[in-house]
Amino acid sequence: MERLDSDRIQITYQLTLREGERAEVRARQIALEQTVELPDGCYPDGVEERVVGRIEDIEDLGSARWELTLSYDPVLVGSETTQLLNLLFGNVSMHPGTLVSDLQLPAALVERFPGPQHGIAGVRAACGDAEDRPLLCTAAKPVGLSAEELARICGALARGGVDVVKDDHGVTDQAPAPFRERVERCQVAVSEANESTGGSTLYFPNVTAPVSQLPERVEWARSAGCRGVLVSPFLTGLDTVRWLAADSGMIVVTHPTFSGALLAERHGVASDVMLGLVLRLLGADAVIYVNAGGRFPIGEAECQAINARLRQPYHGLARALPVPGGGVDVDRVPRWIERYGVDVMFLIGSSLYAQGDIEAAARRVVQTVRERVRG
């Protein structure tokens with residue numbers, strides 16, 4: 001989208017109109033609903049110019065689809081994450097057929113948010129790997145195993161040379177593997193594996209929890225020696241990412257569970273806007289998303305759009321690491337390297353576990369990636 005006014009927030013909406021609806025009317029409704037929340041004539045003089053959304057462009061896409069660009073004064077947001085999200089997709093989220101397809105922010109507003117505190121460069125440095133190659137990540141699973149069993153899996157994956165071993169997003173504080181015991185055991189297993197192999201695998205525990213318990217879990221992870229954490233911000237609230245980035249000092253990896261309700265094809269927020277731009281703005285260092293060709297219905301173009309938002313220059317934000325997962329097969333990793341490049345971390349799970357010996361399987365895929373990049 002062409003930048004119209006670099007000092008204003010610009011949001012592009014794609015609307016699917018019902019019979020009898022007019023794009024101009026819907027545009028005005030959005031402009032009012034997202035700001036004054038009053039009909040025309042019910043607010044004081046001067047408010048229109050200062051507050052109400054400004055309709056910048058309306059385009060007919062055909063088949064009852066229209067694209068609208070509205071702009072807003074940044075004063076509506078201040079420095080609050082929650083209000084930016086409210087302006088992006090607040091009350092209009094309850095109007096069917098409304099998709100946020102683009103978001104452009106003025107530089108002065110971007111500066112109020114933390115952005116990635118480690119980003120691609122920081123994650124690479126923490127992994128101790130200066131090679132120009134993709135990183136590899138695996139989840140210790142499944143839920144229901146004991147803390148001791150999960151720790152054995154972590155150790156095996158670390159000995160296999162995987163860069164990051166994380167908790168599965170469904171492993172939280174269940175009775176078989178209580179959070180504190182699991183984090184301690186898994187971090188010890190990874191540290192011992194690193195000592196035996198000379199590796200530098202990282203273990204990222206899942207700290208997703210009720211908000212009141214988050215600080216305690218993050219502090220426990222830090223005290224155990226963890227360098228980063230996994231969080232599911234669509235469960236805990238998106239501002240969790242900002243808090244972790246600004247206050248914890250940890251590498252922040254986000255998981256997309258529950259986001260499917262928001263990232264629908266014709267209603268919600270486009271996945272590249274939410275996963276690629278908003279999470280990066282809030283401070284995610286690495287963003288997991290479901291990859292094309294896996295267990296979920298997503299196309300490669302959509303994945304490439306997420307990658308671009310995470311890695312392209314944007315008002316000085318550090319670049320964040322794309323983490324495609326959800327069915328990345330070990331045999332297709334070379335193809336995805338060709339498509340996505342090296343500034344990516346592949347999340348590989350089922351195709352490793354299916355081989356039985358996960359340590360040997362991990363070692364093979366690590367070797368494959370190294371040879372592919374060198375060759």
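Colleague: Which residue in β10 does Leu99 stand opposite?

Modeller: Leu99 stands opposite Gly268. This is a predicted model, with residues numbered from 1 along each chain as its sequence is written. Local features need pLDDT of at least 70, side-chain atom pairs count only at pLDDT 80 or more, totals for chains, interfaces and linings use all residues, and side-chain values use heavy atoms, without hydrogens and water.

Colleague: Why do β4 and β10 count as paired?

Modeller: Two bridges join β4 to β10. Pairing requires at least two DSSP bridges between two strands, so β4 and β10 qualify. They run parallel.

Colleague: Where does that pair sit in its sheet?

Modeller: The order is β2-β3-β1-β4-β10, an open sheet of five strands with mixed pairing.

Colleague: Why are β2 and β10 called edge strands?

Modeller: β2 (54–62) and β10 (268–269) each pair on one side only. Strands are DSSP runs of E with at least two residues, and helices are runs of H or I with at least four, both numbered from the N terminus.

Colleague: What makes β8 and β9 partners?

Modeller: Four bridges join β8 to β9 (residues 251–254), and the two run parallel. At least two bridges are needed, so this pair passes. Leu230 has Val253 in β9 as its bridge partner.

Colleague: Which sheet holds them, and how are its strands turned?

Modeller: They belong to an open sheet of four strands, β8-β9-β11-β12, with parallel pairing. β8 (228–231) and β12 (321–325) are its edges. Neighbouring strands are turned by 20 degrees against each other on average, direction ignored. The axes behind that angle are lines fitted to C-alpha atoms.

Colleague: Why does Arg217 count as sitting over the ring of Phe179?

Modeller: The charged end of Arg217 lies 5.0 Å from the ring centre. The rule asks for NZ of Lys or CZ of Arg within 6 Å of the centre and within 35 degrees of the ring normal. Arg217 over Phe179 is listed under that rule, so it counts. Arg335 also sits over a ring, that of Trp336, at 4.5 Å from the centre.

Colleague: What makes a space a pocket or a cavity?

Modeller: Both are sets of points on a 1 Å grid over the protein atoms alone. In a cavity a 1.4 Å probe fits but cannot get out; a pocket is open, with protein on both sides within 12 Å along at least five of seven lines. Lining residues have an atom within 4 Å of a point. Volume is the space filled by probe spheres set on the points.

Colleague: Which residues lie nearest the centre of the largest pocket, and what is its volume?

Modeller: The largest pocket has about 900 Å³ of space. Its lining has 40 residues, with Pro256, Tyr289, Val290, Phe296 and Ile298 nearest the centre. Elements giving two or more residues to it include β4 (98–104) and β11 (286–290).

Colleague: How many residues line the second largest pocket, and what is its volume?

Modeller: Its volume is about 200 Å³. It is lined by 17 residues; among the closest to its centre are Asp163 and Arg370. α6 (147–159) and α15 (358–374) each supply at least two.

Colleague: How many cavities are there, and which residues line the largest?

Modeller: There are three cavities of 30 Å³ or more. Arg26, Gln29, Ile30, Glu33, Val92, His95 and Thr98 line it. Helix α1 (residues 23–33) gives the most, four residues.

How values were computed
Axes are lines fitted to C-alpha atoms, for helices over the stretch in contact, and angles run from 0 to 180 degrees between N-to-C directions.
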